[in-house]
Amino acid sequence: MRAFIITGTSRGLGYEICKQLIKRNHLIFSVARNNNDSLIELAAQNDCKLHFVKYDLQNIDGISELIRGIMKRVNEEVESITLINNAAQVTPLGNIDNYRPEEAVKSIQTNLLAPILLTQSLINQTAERNVHRIIVNVSSGSAKDATAGMSLYCASKAALNMFTSCIQLEDHKSLTIYKVDPGMVDTTMQELARNQEGLSIAAFFKEAKEKGALKSAEDVAKKIVRRVLAS
Ligand SMILES: NC(=O)c1ccc[n+]([C@@H]2O[C@H](COP(=O)([O-])OP(=O)(O)OC[C@H]3O[C@@H](n4cnc5c(N)ncnc54)[C@H](OP(=O)(O)O)[C@@H]3O)[C@@H](O)[C@H]2O)c1
């Protein structure tokens, strides 16, 4: 039996990753603010145990308890536990003089602090178990390409990359941690950025959409799931 904790499963890439991991012998905890009934139905049809955990990752103080609650439902016999830090928000979009301080805090909570604290909680709370821990942080090209109007998203993804690299250098028993960059994917997040008035990169995203250059969430998820299952 393998266990998976996937954040941001209500739509987009996280939904596809979760869908493709639905298999017999997989125990899945899907985390988001909104449920997606089709995942529950698919899991029931495939004899897969899937628990939806309704949680707002901006609530960073509750993350340790979130993992504790999940770990209570993961028995000692599982061979591996995989955490996929996929949930993120691209908002607020716009130059720094156009967003409020509280919006900046929320963005960093969701995109950076939540994956950091999920990683820490998982590592600490599984330290005594004889289990392979796999942590996948979903990155972005925005971690490397500075973009006007996307300062918080770019900064949080760049910091998440560096966080991942640092943990890779630490010595933790049976831990595999890496980042994946999905490229431009046709999801709600892309749509939001594409349609944001005054955002200079919106025209580039629009052109990419029109030219069919956006990847499908299904194809990107296939690659991520293949790597996760081989980890
Ligand atoms: N789309 C792209 O072109 C692209 C490119 C590079 C990287 N990425 C990365 O790929 C990942 C998935 O993006 P996507 O395009 O699939 O985005 P999306 O369509 O906007 O989906 C985001 C998911 O994250 C969840 N989420 C957001 N805020 C949350 C919160 N506070 N608490 C719990 N869950 C939250 C959402 O669920 P709820 O709203 O139900 O909570 C949703 O399921 C992200 O890490 C993103 O940065 C995307």
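1. A quick definition to start: two residues are in contact if their C-beta atoms, placed from the backbone, lie within 7 Å. By that rule, and skipping neighbours within four places in sequence, F4 is in contact with L21, H26, I28, F29, T82 and I84.

2. Before going on, note that this is a predicted model, where local features need pLDDT of at least 70, side-chain atom pairs count only at pLDDT 80 or more, and totals for chains, interfaces and linings use all residues. Residues are numbered from 1 along each chain as its sequence is written.

3. Most residues other than glycine have a negative phi, and most peptide bonds are trans. The bond from T91 to P92, though, is cis, with omega near 0°. P92 sits in the loop between β4 (80–85) and α4 (101–125); helices (H or I, at least four residues) and strands (E, at least two) are DSSP runs, numbered from the N terminus.

4. D47, not a glycine, has a positive phi of about 55°. You'll find D47 in the loop between α2 (37–45) and β3 (49–54), exposed, with 11 other C-beta atoms within 10 Å.

5. S174 also has a positive phi, near 45°. S174 lies in the loop between α5 (151–169) and β6 (175–180) and is partly exposed, with 14 other C-beta atoms within 10 Å.

Methods. A residue is buried if 20 or more other C-beta atoms lie within 10 Å of its own, exposed if 12 or fewer, and partly exposed in between; C-beta atoms are placed from the backbone.
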